[in-house]
Amino acid sequence: MIQSETLELLEWHRLCQHLATFAATKLGATAARHLKIPDSQTQSEQLLEQTKEVYQLESRLTTGLSFEGIQDIGDSLERAERSGVLAGEELLAIATTLAGARSLRRVIDNQEDLPILTELVADLRTYPELEQEIHRCIDERAQVTDRASQKLGEIRTELRRLRSQITQKLQNILQAKSGAVQEQLITQRSDRFVIPVKAPQKDAIPGIVHDTSTSGATLYVEPNSVVPLGNQLRQIIRREQAEEEAIRRILTEQVAAVKPDLERLLAIATTLDMATARSRYSFWLGANPPRFIRREDKEIITLRNLRHPLLVWQQQHEQGQPVVPVDLLINSLIRVVTITGPNTGGKTVTLKTLGLAALMAKVGLFVPAREPVEIPWFDKVLADIGDEQSLQQSLSTFSGHIRRISRILEALGNREEENSEIPTPHSLLPTPQSLVLLDEVGAGTDPVEGSALAIALLQYLANHAQLTIATTHFGELKALKYEDERFENASVEFDESTLSPTYRLLWGIPGRSNALTIALRLGLKPEVVKEAKIQVGEATDEVNQVIAGLEAQRRRQETKAAEAQSLLQQAERLYKEVSAKAASLEERESSLRASQEIAVQQAIAQARGEIAQVIRRLQKGTPTAQEAQQATNALNQIGQQYQPATPAKPKAGFMPKVGDRVRIPKLGQIADVITAPDEDGELSVRFGLMKMNVKLQDVESLDGQKPEPVVKAKPTPAAVTPPPPAVPEIRTSKNTIDLRGKRVADAEYILDKAISEATGPVWIIHGYGTGKLRQGVHAFLQQHPRVNNYEAAEQADGGTGVTIAHIKK
């Protein structure tokens with residue numbers, strides 16, 4: 001009972017209604033409005049994982065997860081199981097639900113890294129054959145189609161013929177008796193075809209009167225000549241209805257046969273819709289996923305910038321006031337937090353915000369707080385908030401609070417009985433896991449007795465609850481922190497200049513009384529206030545002054561922390577700018593290198609083409625010495641044309657010293673030298689707030705001089721004679737042999753002779769053909785001792801029809 005009272009006090013039903021607006025199906029909306037709170041941490045973690053995966057999935061999809069076609073078919077399944085006959089609309093809803101569920105499974109299966117959702121839809125059976133059969137027999141208007149059975153098709157053909165015959169006869173009567181009819185119209189009354197006849201001339205068209213107009217001037221008559229046809233039509237319609245029902249009965253039996261799987265399908269679709277609603281609601285709130293902590297492991301409750309979800313909704317949809325967030329950072333040793341301060345300062349809102357945050361985490365919702373969100377899993381959330389005064393039950397405010405607190409203590413006691421059936425020392429009992437929220441504890445009675453009762457109650461809760469948050473006006477409760485390390489003080493801030501609360505929560509500082517200050521500023525006579533201060537005593541005034549000093553000190557610390565945070569943000573921004581500039585310069589350098597490489601490759605390709613032209617000119621006939629000299633000159637010109645220019649050597653002789661200012665070209669920054677270069681060529685520099693180590697070759701003087709490289713002592717290597725310049729390989733008639741038409745054995749003899757006499761590469765023409773000659777040539781070259789390697793000629797020299805054998809020197 002107390003847990004349901006707590007949900008009502010926290011206005012949990014309003015949050016559930018807000019969540020329901022994010023559901024895509026009727027089933028999901030209903031489940032959201034009656035949201036069940038899990039009984040175990042494992043269930044809560046499972047729900048959170050579902051929410052996270054849907055959140056991740058919807059961030060990848062352009063249109064989000066679609067539940068189109070999925071309907072609430074639960075009642076239809078129950079009626080099908082009880083041998084009822086489903087209507088066309090119900091059968092059509094089942095078919096669209098099957099298609100919608102299949103689409104959901106396809107979307108999830110096509111994604112990676114979604115283990116929870118993939119496992120959820122793994123056993124989903126969507127019966128495409130049943131869906132196809134329903135669509136074959138039921139059209140989009142939920143009517144049975146002609147193709148559903150041959151018998152139905154024949155019946156409807158007969159119906160169309162008979163209706164056409166009746167219409168034709170009535171049309172003839174309308175033309176023949178045009179003066180007796182009210183208008184040229186054929187209509188129906190009670191499934192009978194009739195024509196409107198003027199009442200005074202009813203004898204002109206004898207027949208059965210089925211209806212009369214409101215004025216009585218028109219009679220709707222079925223002429224006697226069409227009555228037999230009408231009777232026949234009605235019989236055929238009954239046959240049609242019987243056949244349609246038979247078809248729907250067969251489909252209903254097929255649905256009933258797979259009812260368990262369809263119920264499972266509905267449950268999975270509802271689970272997915274609920275996870276989607278939680279994900280979308282969390283995204284709308286700007287919430288973050290919580291992590292359940294164990295306070296026994298010295299972990300801290302961390303809820304920064306925690307906002308009340310109902311107030312966020314009120315601000316967005318009802319033009320409410322901006323939501324002031326609170327920070328809750330509670331040490332693992334703390335069991336009780338007492339919040340003091342003036343009325344309307346935000347104490348009760350803080351209680352409700354924490355209670356809702358704990359429940360949201362339990363049901364798999366994200367918590368509207370800044371990351372990281374770390375909170376224990378509370379097995380019970382119990383609250384006494386508000387005024388329980390009741391005239392009908394003869395309950396005063398104090399009595400109402402005490403009765404509700406009694407129910408809270410009873411609920412805590414029941415949990416201990418469940419966890420320890422055998423008497424166990426308190427130190428060995430399981431750690432309590434409940435969250436207790438008490439508003440104005442001990443209020444509504446004599447202050448002395450109320451304060452004593454509040455102290456005893458909070459000390460009891462420190463032993464029997466995981467965490468208790470209590471608001472109070474009793475000053476005696478502030479001292480509990482200094483007697484028991486499990487207690488902590490907090491207060492809501494009050495702005496004396498404006499006589500209004502700021503709704504900020506101050507930790508470690510007890511609230512001070514502001515009643516006399518407020519009374520004085522509101523115009524109460526100073527002598528009255530002065531007398532009140534005398535009655536309160538100097539000690540209380542001194543305590544308030546101490547508290548005011550603590551608040552001022554806290555504000556100074558917060559100002560300094562904000563300044564430090566600002567400096568840190570500036571440093572981070574500068575670092576990002578420098579990193580971005582360095583990355584941009586590196587990217588530009590890479591782009592330049594790539595463009596230069598492309599230009600070099602193009603130049604090489606062009607040079608090769610010109611060399612190939614020189615070679616082809618030499619191959620056209622027997623080269624003379626003059627032609628060879630001309631070819632050599634041409635090659636030398638090509639070499640000079642495409643040989644890269646020697647880069648200008650940078651200025652040398654600069655060596656940075658401590659205190660010098662140097663430029664770092666890669667970063668585009670000017671820096672001060674902090675340490676001189678070491679033996680590895682590294683030095684430390686500083687620019688702005690940044691310090692870093694850079695290579696000597698990455699800096700230069702302000703006038704552009706490059707530093708002298710740091711040279712390590714190395715042994716002098718022996719002189720190496722440079723290799724002679726490579727001689728271009730030129731194909732002539734002397735180093736070319738033609739083996740086309742030869743057998744492999746004859747070709748090997750010719751090859752062996754040519755290779756033994758060759759001083760350079762040999763061009764072997766074997767052609768294409770069947771490829772056997774080329775294979776034989778390659779096999780011979782591979783085992784010949786004088787052949788270094790061989791390759792196919794360039795396309796201009798014959799391609800794969802010519803092989804070039806390179807001879808060892």
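I take a nonpolar core to be a set of buried Ala, Val, Leu, Ile, Met, Phe, Trp, Tyr and Cys residues joined through side-chain atoms within 4.5 Å. Buried means under 20% relative accessible area, with a 1.4 Å probe and protein chains only.

The model is predicted, so I kept local features at pLDDT of at least 70 and side-chain atom pairs at pLDDT 80 or more, while totals for chains, interfaces and linings use all residues. Residues are numbered from 1 along each chain as its sequence is written, and side-chain values use heavy atoms, without hydrogens and water.

Cores. I looked up the largest nonpolar core: it has 61 residues, and Trp12, Leu303 and Ile469 touch the most other members. I then listed contacts (heavy atoms within 4.5 Å) of Ile469 beyond four places in sequence; among them are Ile330, Val337, Leu351, Leu354 and Val436. A second core, separate, has 43 residues, including Val54, Leu86, Leu114 and Leu265.

Helix α9. I checked residues 150-176: the 27 residues reach 40 Å from first C-alpha to last, close to the 39 Å expected at 1.5 Å times one less than the number of residues. Buried residues of α9 include Leu152, Gly153, Arg156, Leu159 and Ile166. I found the buried residues of α9 packed against β2 (192-198), β4 (218-223) and α10 (227-257).

Cysteines. I counted zero disulfides, a disulfide being a pair of cysteine sulfur atoms within 2.5 Å. Cys16 is buried at 3% relative accessible area, and Cys137 is buried at 2%.

Technical notes
Buried < 20%, exposed > 50% of the residue type's maximum accessible area, 1.4 Å probe, protein only. Helix = DSSP H or I, 4+ residues; strand = E, 2+ residues; numbered from the N terminus.
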